[in-house]
Amino acid sequence: MKQEQFLHVLTKEEAEAVFHQHLTIAPLGEECVALEHGLGRVLSRDIVAGVDVPYFNRSNVDGFAVVAADTFGVDEESPAELSLTAEHLAPGMVPQEEVQPGMAMVIATGAIIPKGADAVVMVEDTDCRDSLLYVYHPVVPGENISYAGQDIMQGETILREGQPLSSRETGVLAALGCAQVWCYRRPRVAIVSTGDELIAPGQPMAEGKVYDSNGRIVADAVRENGGDPYVLGICPDDETALEETLQRALTYDIIILSGGTSKGAGDLSYRVIERLGPPGILVHGVALRPGKPLCLGAVGRTPVVILPGFPTSATVTFHEFVQPLIRAMAGLNREERHTIPARAAVRFNSRKGQLEYVLVHVVRGQEGYTAYPIGKGSGSMTTFSQADGFLKIPTNQEMLTKDEVVAVHLLSRDLRLADLTIIGSHCVGLDYLVSCLKRQGIQGKIINVGSTAGLQAARRGEADIAGVHLLDEQTGEYNRPYVRPGGGLALVRGYIRRQGLVYRPGNDLPQPLTFERLVEIAAHEGKLVLINRNRGSGTRILFDMCVRSCAQALSMPVEKLTESLRGYDTEAKSHNAVAASIALRKADWGLAIDTVARDYQLAFTFMQDERYDFVVPADKLSQPAIQRFLELLRSEAAQAGLADRGFQIPPDIGTVAVEA
């Protein structure tokens, strides 16, 4: 069946303008809310104090209410001698006696100051003997007293309309005696996930199915921005069922659908909305990446948004188009994102004609911040959770060059850098070590870019630690040839991994299988699909070395051999990604370590042991977090955990093999 094309792709600004023409971008009205339910709500009216706070003059300390003039000039050698009254004032008691000159009255913190007293002497500056009080430290009028209205005066405007209520504000309201408060009504947002492929979390997974994560993401994002989400569940690709669901959804303030925007033959959402009432679909396609298939519409004055199905696309478009709408309806100001300048760690390519959002890690180096792309694609679930921020590539720009200074828009108000930034080669053993550090209160961030890029990041001071397994072709040694003594980098010994061929069992491949034999079969028959590793990774360096050796043995140019290997240019950034591609039958073979082959129940043919070590900049070696990492490497518990995961533990693990 022929797929329809996008109606008319608009710029972000054009799409917003068309959408907003048909909406009321304002608070929805107000309601009286019990104070106990006020947290997170937004005030719809100014709060004017109806009472003084405190309501009476009160003591700030435990001590004695006195006339200040009676204490002037006293000291340790010449104390004032005052008569004690019979009354003892506790909080909540109304004084019955008056303090006359030459008298003192016992008073507790928070108690009402009796008539006649104008100061309170702290108990530690006094001594009581025979119904007399001896005062050894002078006080001035008003000392240790909070006067009525000193904090809040009756008639004073304390909180203003539009103020979100945190625990600080609800505490103030309680102090004013407010049991109820007028707040803007929260927008009620109906959320519908669409697609036959979706199943709810908790149901058993089946071939071709996908857990509905967008419904959870959108619902919680609505709640974070002042709305009340109402999840109406998963609707199959059936026009009648979808129309019935959307008719129910029209009783809400906003309708959000997830999926059904790309105008393929099976996508129904936009067609059903057109039948619900005018104005219908207003925008179908925005020059945005990710997020181009976004649909914006309305039924009457009720906004209807159809988010793309991919999680990152859905999240980007929600934050750009839906979040401001919900916040305005809830009486909240538009969220302001802070930006920081950063150096682009790599070249960022873009498609001309689209405003592109690139999610990035941010690390601090010797010359400021550096932005590393996450690059997991719009279908990735973890992208937003791992990102520090995003950068924008303008509509008419095709790339950002490496080392160009870019503006990173932070996803949180403050940039919270990890205690340890680890850049380099991926390893499940490193994942385990970082989890161990997390339990010790040390937060680590891992950026998988390959051994070569990790080594370069360590040289620039961007990486606190770089995980590397770089094989030197001349010496056959791992890592040491790349780190020279006195060069500003220390090489810390790690553990040993088993590297080899990974493939699905039962593939009818000849046994015993060698790299040379598998390459020959893949090149000549053209049926086996390779999943390669990213350039600069240690595994890719090993793979290309072996390919060059095979080319020589087969009397073929290296370029011709690599061209004949299907999938040679398809790159995965981790061993897990290689194993997952093979397990899911997207590829047939690749190079990875035996640990992940075992995890994914794949066949493994050993090729060689390799050292997975750690490079640390000299000026960071003494940092507490680095020292904790080294202590962890040397600990029996961590070594046992690594061994359980299939790694070999050499006797020099955790020692410095090359001095900085």
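**A covered strand, then a sheet**

Modeller: Strand β35 is covered on both faces: W589, L591 and I593 lie on one side, G590 and A592 on the other, and all are buried. Buried means under 20% relative accessible area, exposed over 50% and partly exposed in between, with a 1.4 Å probe and protein chains only. The model is predicted: local features need pLDDT of at least 70, side-chain atom pairs count only at pLDDT 80 or more, and totals for chains, interfaces and linings use all residues. Residues are numbered from 1 along each chain as its sequence is written, and side-chain values use heavy atoms, without hydrogens and water.

β35 spans residues 589-593, and because 5 of its 5 residues are buried, the rest of the structure largely encloses it. Strands here are DSSP runs (E, at least two residues) and helices likewise (H or I, at least four), numbered from the N terminus. In a regular strand, side chains alternate between the two faces of the sheet.

The strand has a partner, β32 (residues 489-503), in an antiparallel pairing over 5 bridges; DSSP must find at least two bridges for strands to pair. Within this pairing, V502 has G590 of β35 as its bridge partner.

For comparison, here is another pairing. Strands β17 (residues 254-258) and β21 (residues 302-307) run parallel, joined over 4 bridges. There L257 stands opposite I306 of β21. Both strands belong to an open sheet of 6 strands with mixed pairing, in the order β16-β13-β17-β21-β20-β18.
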